[in-house]
Amino acid sequence: MEPNREGFTKFLRIGETLYLLLSILSFYLLLLSRTWEAHTVWEILHPAFIPTLCAATALLLTILPTSEKVTHKLLFVIVHSVLIHSFFSIVFPAGDNSGQQMYLGRIRLVYDNAVLHGWPPWPLESIAFQVYQWFRGINFQAALSVVFARMFSMDILWVHLFLVPVLWGVFTPIAVFLVTKTLSKNDTVAVLASLLLSAFPYATYFGAISTHNSLGYIFFFYALYFMLKNLDSNDSKTKFLMLAFSFLSLLSHYLTGIISFSLLFLTVAFKSYRAQKTSSLTARTSLAIPFILCTSLLPFSFIYLRFFRSGTHVAFTLSRFYELPFKEIVGLFLIGELTYYFDLEAIILMIIGPLLALLYIAYRLHKMRKTSSADFRTPFSFLFVAFLMILVDYRILKLLMEGLPIRAERLWVLRDFIAVPFAALAIYTAFSSLRAFLRAKSLPSITFSSLKSIFKPLSRRTFSQTKRSIINLSNHLFIALLFSLNLILPLLLAGWITVSLSVAYPQVAPLQTTNYELEAVKYIEENTQEKYVVVGDIWTIYAGERIVGLNNPRAYYFGELEKTGIDLFTNMKSDPSPEWMLLAMNYTDTTTAYFIVTEPRLGSEEFQSVISRALNNQQISVVGVFGAGKLYVFGYGKGEGV
Amino acid sequence: MKTRLGLGKVEQEITHDEKLLFTLISYVIILIIFANLSGFQSPVLGLLASAFYFLINGIFLGHAFFEKETAFFRLILGLLLLIMLLGFVGWLAVIIYNLDVIRFTLVLIIVATISSLSNKRVKSKNGA
């Protein structure tokens with residue numbers, strides 16, 4: 001090995017070891033930040049965490065362009081990816097209150113064999129409704145979580161909390177790498193793209209919460225990769241994998257499934273377009289019509305959802321054009337929901353990635369007119385059309401439809417995923433061009449004598465010497481710029497990725513499920529032999545969902561929006577008496593009832609008032625006090641007090 | 001270099017699967033997982049056994065579907081396929097009836113069998 005090369009390898013190993021140490025330290029700091037009572041991750045993160053993470057990211061970015069093996073680089077990116085998607089699962093006692101606790105409430109019933117034939121446990125009006133429910137992602141996520149929980153012999157809470165952060169952290173960077181590699185045929189750009197996905201806030205957020213929609217995104221990413229691969233091959237395995245991932249994407253969530261199948265049809269259209277081998281108007285029309293059809297698939301699927309799901313009333317509308325001011329419509333068209341954001345930094349962080357991708361696409365399209373190989377053109381055009389399709393779909397959902405069962409912004413994750421390879425290419429192209437420019441300017445290389453001449457007194461110089469000195473000085477400047485560029489770029493990108501986390505993880509949130517709420521629910525579960533019902537607010541229900549599940553006949557917690565549960569809690573608050581508890585028991589066919597009140601949820605004044613009224617009532621008794629008096633559990637049994 | 005040779009060697013040993021040795025090991029692992037779930041309930045044993053289950057069957061599927069990729073991508077993509085398969089067969093069990101310990105064990109057996117058969121099919125196709 002050459003001495004220079006050997007020195008570089010040693011330097012690289014030191015850098016890699018340092019990166020791994022910083023990553024371990026980041027995990028440790030995240031663990032130290034774990035708290036029992038918090039609203040957002042930001043209020044309790046260890047002060048050294050963000051600087052450590054930023055330093056680790058910058059170090060990783062300096063490793064990525066080196067000659068290190070791609071597999072090693074990808075493993076480093078995976079460590080980084082798992083780290084930044086685990087904030088909620090590591091810091092909060094039971095993950096974020098963002099919907100994932102509701103899914104856990106349903107999945108736990110499957111884990112406890114309390115439901116048969118999947119969710120929902122109640123009979124449905126028609127066979128179409130039943131089939132739709134089977135294909136809803138909750139059943140697929142339940143199956144996956146229960147299989148893992150049983151394999152590892154762990155409680156489903158832990159498996160559920162880490163299911164998506166780990167799967168996303170491991171498989172998403174690989175998917176981005178594969179897609180970018182297919183597009184650019186360049187390993188360095190592909191690895192850069194795999195890390196750059198972390199700079200897209202919406203994608204980071206969905207990788208941090210355990211919902212079936214997140215699983216759908218993962219499968220969509222791979223479906224997209226195999227579609228790209230299929231464009232240039234007729235391999236039956238690729239076709240099978242493309243279909244399998246699209247189907248699994250549909251099984252996980254219909255949004256990702258419908259988009260997967262739309263792109264699948266687009267792939268077929270692309271292949272037939274290529275087979276025609278002409279760029280005539282007819283051939284182009286044969287591509288435009290499928291594009292319109294594929295783009296309309298998602299909006300129409302929402303319209304026809306009413307045949308499979310009761311209470312869905314999605315419709316096309318022009319009401320926004322009549323009701324909203326023109327400025328707002330333009331804002332919605334350009335940046336969507338972000339038009340209502342007040343924080344300019346958040347808006348910039350949300351749009352900078354896709355904007356970079358759009359700029360690169362425009363630049364590339366301009367260049368492609370002159371020179372481009374067919375190899376590059378097909379995947380590029382397909383991804384560009386897919387990107388365009390999602391942009392159009394988002395605007396249709398946002399401006400022309402009402403009554404949607406989900407937020408249209410979920411399409412941003414798909415948009416971001418397609419934008420990442422282009423954004424990475426944009427950065428790489430800009431950086432390479434700048435470096436090439438500086439290198440060209442800084443030549444010829446500096447010699448000792450030329451260096452000496454710079455410092456020679458001006459009076460002793462000839463005109464040619466002075467000219468040479470000026471050239472040398474500019475050489476120095478360009479070399480310094482070149483050197484700084486190699487340092488500045490990793491720092492800039494690391495800064496971008498780290499700052500993006502401030503938008504990805506909410507800055508404002510309600511109090512997350514606390515440790516004492518979980519303790520109370522566990523205490524009831526462990527100390528009650530007979531069937532019981534718990535009357536509490538929605539936060540108590542969230543805690544209950546995590547430990548015993550929702551509507552569990554043995555340990556009953558009412559649904560989050562179930563009117564009976566809400567009414568019973570309201571009545572218990574104003575009149576804590578056995579009357580309501582008996583009613584709850586009769587309604588749920590149980591023999592014991594509990595009533596839970598929590599100070600931070602009710603507010604001190606109301607909490608004290610409810611507690612004093614409940615304590616004055618001799619018929620119901622205090623079963624437990626948790627969180628140093630912040631949570632009271634009252635109980636009552638059929639026939640007598642508990 | 002050592003790692004690459006190690007992974008390549010393990011992969012070669014597993015995919016050759018002479019006399020279905022690794023398929024049998026996979027079934028023994030399922031038995032251990034079942035026993036652990038029914039008796040010991042040790043997460044350490046569960047994680048260890050599952051790691052071997054994932055390794056063997058992930059390599060089987062990686063070999064069957066991603067032969068042209070490098071060893072690293074074969075393993076990663078094989079693992080993803082295995083997870084998909086576990087999810088899909090588990091989902092079938094959930095909607096048909098439920099996913100209690102017995103049916104869960106059946107899911108593991110079905111997935112291990114599919115993985116082994118896929119590997120066998122590719123092996124016989126290649127004449128190895």
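Trainee: Before the helix pairs, how are the axes and angles of packed helices defined here?

Mentor: Axes are lines fitted to C-alpha atoms, for helices over the stretch in contact. Angles run from 0 to 180 degrees between N-to-C directions. The model they are applied to is a predicted one.

Trainee: At what angle do helix 3 of chain B and helix 5 of chain B pack?

Mentor: Two packed helices are described by the angle between their axes and the distance between the axes. For helix 3 of chain B and helix 5 of chain B, the axes are 8 Å apart. Helix 3 of chain B passes helix 5 of chain B in a left-handed crossing. The packing angle is about 40 degrees.

Trainee: How do the residues of that contact of helix 3 of chain B with helix 5 of chain B divide by class?

Mentor: From helix 3 of chain B come Asn57(B), Phe60(B), Leu61(B), His63(B) and Ala64(B). They meet residues of helix 5 of chain B including Val111(B), Ser115(B), Asn119(B) and Arg121(B). The residues of this contact divide into six nonpolar, six polar and one charged.

Trainee: Which element of chain B gives the most to the side that touches chain A?

Mentor: In the contact between the chains, 29 residues of chain B meet 26 residues of chain A. Helix 2 (21–40), helix 3 (43–65), helix 4 (71–96) and helix 5 (101–126) of chain B each give two or more residues to that side. The element that gives the most, with twelve residues, is helix 4 of chain B.

Trainee: How many nonpolar residues does the side of chain B that touches chain A have?

Mentor: That side of chain B is made up of 29 residues. By class, one is charged, eight are polar and the nonpolar ones number 20.

Trainee: Why is helix 4 of chain B described as largely enclosed by the rest of the structure?

Mentor: Helix 4 of chain B has 26 residues and should span 38 Å at 1.5 Å a residue; its end C-alpha atoms are 37 Å apart, which agrees. A residue is buried if 20 or more other C-beta atoms lie within 10 Å of its own. Helix 4 of chain B is largely enclosed because the buried ones among its 26 residues number 19.

Trainee: What share of chain A is buried?

Mentor: The secondary structure of chain A comes to 27 helices and seven strands. Its C-alpha trace spans about 110 × 65 × 55 Å along the principal axes. Among contacts in chain A between residues at least 6 apart in sequence, 72% join residues at least 24 apart. Of the 642 residues in chain A, the buried share is 44%.

Trainee: Is Val166(A) buried or exposed?

Mentor: Val166(A) lies in helix 8 (residues 156–184) of chain A. Its C-alpha atom is separated by 27 Å from that of Lys237(A), 71 residues apart along the chain. Val166(A) has 20 C-beta neighbours inside 10 Å, so the residue counts as buried.

Trainee: How far apart are the C-alpha atoms of Thr429(A) and Val597(A)?

Mentor: Thr429(A) lies in helix 19 (residues 411–441) of chain A. With 15 other C-beta atoms within 10 Å, Thr429(A) is partly exposed. Thr429(A) and Val597(A) are 168 residues apart along the chain, and their C-alpha atoms are separated by 59 Å.

Trainee: Which residues of helix 19 of chain A make the contact with helix 10 of chain A?

Mentor: Helix 10 (residues 201–208) of chain A and helix 19 of chain A pack at an angle of about 115 degrees, with their axes 8 Å apart. Helix 10 of chain A contributes Tyr202(A), Ala203(A) and Phe206(A). The contact as a whole has six nonpolar, no polar and one charged residues. From helix 19 of chain A the residues are Trp412(A), Val413(A), Asp416(A) and Phe417(A).

Trainee: Which element gives the most to the side of domain 1 of chain A that touches domain 2 of chain A?

Mentor: The domain assignment gives domain 1 (94–427) and domain 2 (515–637) of chain A, and their C-alpha centres lie 40 Å apart. The contact takes twelve residues from domain 1 of chain A and ten residues from domain 2 of chain A. On the domain 1 side, the element that gives the most, with seven residues, is helix 5 (residues 100–111) of chain A.

Trainee: Which elements do the buried residues of helix 22 of chain A pack against?

Mentor: Helix 22 (residues 515–527) of chain A has 13 residues and should span 18 Å at 1.5 Å a residue; its end C-alpha atoms are 18 Å apart, which agrees. Its buried residues are Tyr516(A), Glu517(A), Leu518(A), Ala520(A), Val521(A) and Ile524(A). They pack against strand 3 (532–535), helix 23 (538–547), strand 5 (592–598), strand 6 (621–626) and strand 7 (631–637) of chain A.

Conventions: Residues are numbered from 1 along each chain as its sequence is written. Chains are lettered from A and ligands numbered from 1 in the order in which they are written. This is a predicted model: local features need pLDDT of at least 70, side-chain atom pairs count only at pLDDT 80 or more; totals for chains, interfaces and linings use all residues. Helices (H or I, at least four residues) and strands (E, at least two) are DSSP runs, numbered from the N terminus. The expected span of a helix is 1.5 Å times one less than its number of residues. A residue is buried if 20 or more other C-beta atoms lie within 10 Å of its own, exposed if 12 or fewer, and partly exposed in between; C-beta atoms are placed from the backbone. Two residues are in contact if their C-beta atoms, placed from the backbone, lie within 7 Å. Ala, Val, Leu, Ile, Met, Phe, Trp, Tyr, Cys and Pro count as nonpolar, Asp, Glu, Lys and Arg as charged, and the others, Gly among them, as polar. A crossing is left-handed if the near helix is turned anticlockwise from the far one by less than a right angle, and right-handed if clockwise. Domain bounds come from an automatic or database domain assignment.
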